[in-house]
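Subject: Structure handover

Hello,

Here is the structure I said I would pass on. Please have it open while you read the notes below it.

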Amino acid sequence: MIKTFLGGILLPVNPLEEIHFTSQSAHSSQHVLGIGEVVTPNKKNLLRIVIQSLFSQRGPYSSSASPRELVNKLLNLQDSATRFIVEGEGINWNLEVVIDSFDFRMPFGEAGDYYYTLTMREYKKTTAKERATTTTTTTAVTTPVKQTPKTYVIKSGDSLWKIAKSVLGDGGRWKEIYDLNRDKIKNPDVISIGKELRLP
């Protein structure tokens, strides 16, 4: 049996589909006049973790704390680094993390249930001396790179989370798509097939 903990809190429902881990490089790119694009390799960024789940007051999904109490506990965890642990059946993740975003919603018709997306980032302690030595100065002549706006046409079975996951690589970025398209989307849970969306 798999158990998921965050800040010592046992999450009563394990992540619904998956735990999404992202490790990206921190390479920087610049356009230098007369040369073109130049890439400077850097160490990898900290690991990003995204989970989706729910807090429910019904049946096997309920816990001793109410869904609202669990939401409040996770909101309080955003103030500092905390532990994220997943264990069981050959799985053993134990990371210190910070919570980047905690998006939650309570659908009508399921009063008291909270569906949420939690985006976390691996936390790495540093000393004041390490932070002071990480600043570097570079001088280069750069020219702005014009990027064409990205769009996506909604297909059958799409949701903002699925679009964000497939196109942006992170389902937790669904709200960015919603914010860019508020003129076209009134309710983020209801999107129309064939509609063209702007992407960040």
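Predicted model: local features only at pLDDT ≥ 70, side-chain atom pairs only at ≥ 80, totals over all residues.

β8 and β9 run antiparallel and are joined by 8 bridges; Val 97 stands opposite Glu 122 of β9. Strand β9 (residues 114–122) also pairs with β6, again in the antiparallel sense and over 8 bridges, and here Ser 53 stands opposite Tyr 116 of β9. β6 and β3 pair in the antiparallel sense over 4 bridges, with Ile 51 in β6 as the bridge partner of Ile 19.

Strand β6 (residues 48–55) has 6 of its 8 residues buried, so it is largely enclosed by the rest of the structure.

The helix

Which residues of α1 are buried? They are Pro 67, Leu 70, Val 71, Leu 74 and Leu 77. These residues cover an arc of only 120 degrees around the axis, which puts them on the same side of α1.

Aromatic pairs

The count of aromatic pairs is 6. One of them is the pair of Phe 21 and Trp 93, which is stacked, at 4.4 Å centre to centre and with 20 degrees between the planes. Phe 21 lies in strand β3 (residues 19–22) and Trp 93 in strand β8 (residues 91–105), so the pair ties together parts that are 72 residues apart in sequence. Phe 21 is partly exposed, at a relative accessible area of 27%, and Trp 93 also counts as partly exposed, at 35%.

Elsewhere, ring pairs link Phe 55, Phe 102, Phe 104, Tyr 114 and Tyr 116 into a cluster. Tyr 116 is the residue already named as standing opposite Ser 53.

Two single residues

Thr 117 lies in strand β9. Is Thr 117 buried or exposed? Its relative accessibility is 5%, so Thr 117 counts as buried, the limit being under 20%. The side chain of Thr 117 makes a polar contact with the side chain of Gln 52, at 3.0 Å. Beyond its neighbours within four places in sequence, Thr 117 is in contact with Val 50, Ile 51, Gln 52, Ser 101, Phe 102, Asp 103, Trp 161, Gly 172 and Trp 174.

Glu 89 is in the loop between β7 (82–88) and β8. Glu 89 has a positive phi of about 45 degrees although it is not a glycine. For comparison, most residues other than glycine have a negative phi. Glu 89 counts as exposed, with 64% relative accessibility.

Regards

Note on methods: Residues numbered from 1 in each chain as written. Heavy atoms only, no water. Phe/Tyr/Trp six-rings, centres within 6.5 Å; stacked < 30°, edge-to-face > 60°. Helix = DSSP H or I, 4+ residues; strand = E, 2+ residues; numbered from the N terminus. Buried < 20%, exposed > 50% of the residue type's maximum accessible area, 1.4 Å probe, protein only. Pairing = 2+ DSSP bridges. Polar contact = N/O pair within 3.5 Å; in protein donor to acceptor, adjacent residues only side chain to side chain. Contact = heavy atoms within 4.5 Å. Arc of directions from axis to C-beta.
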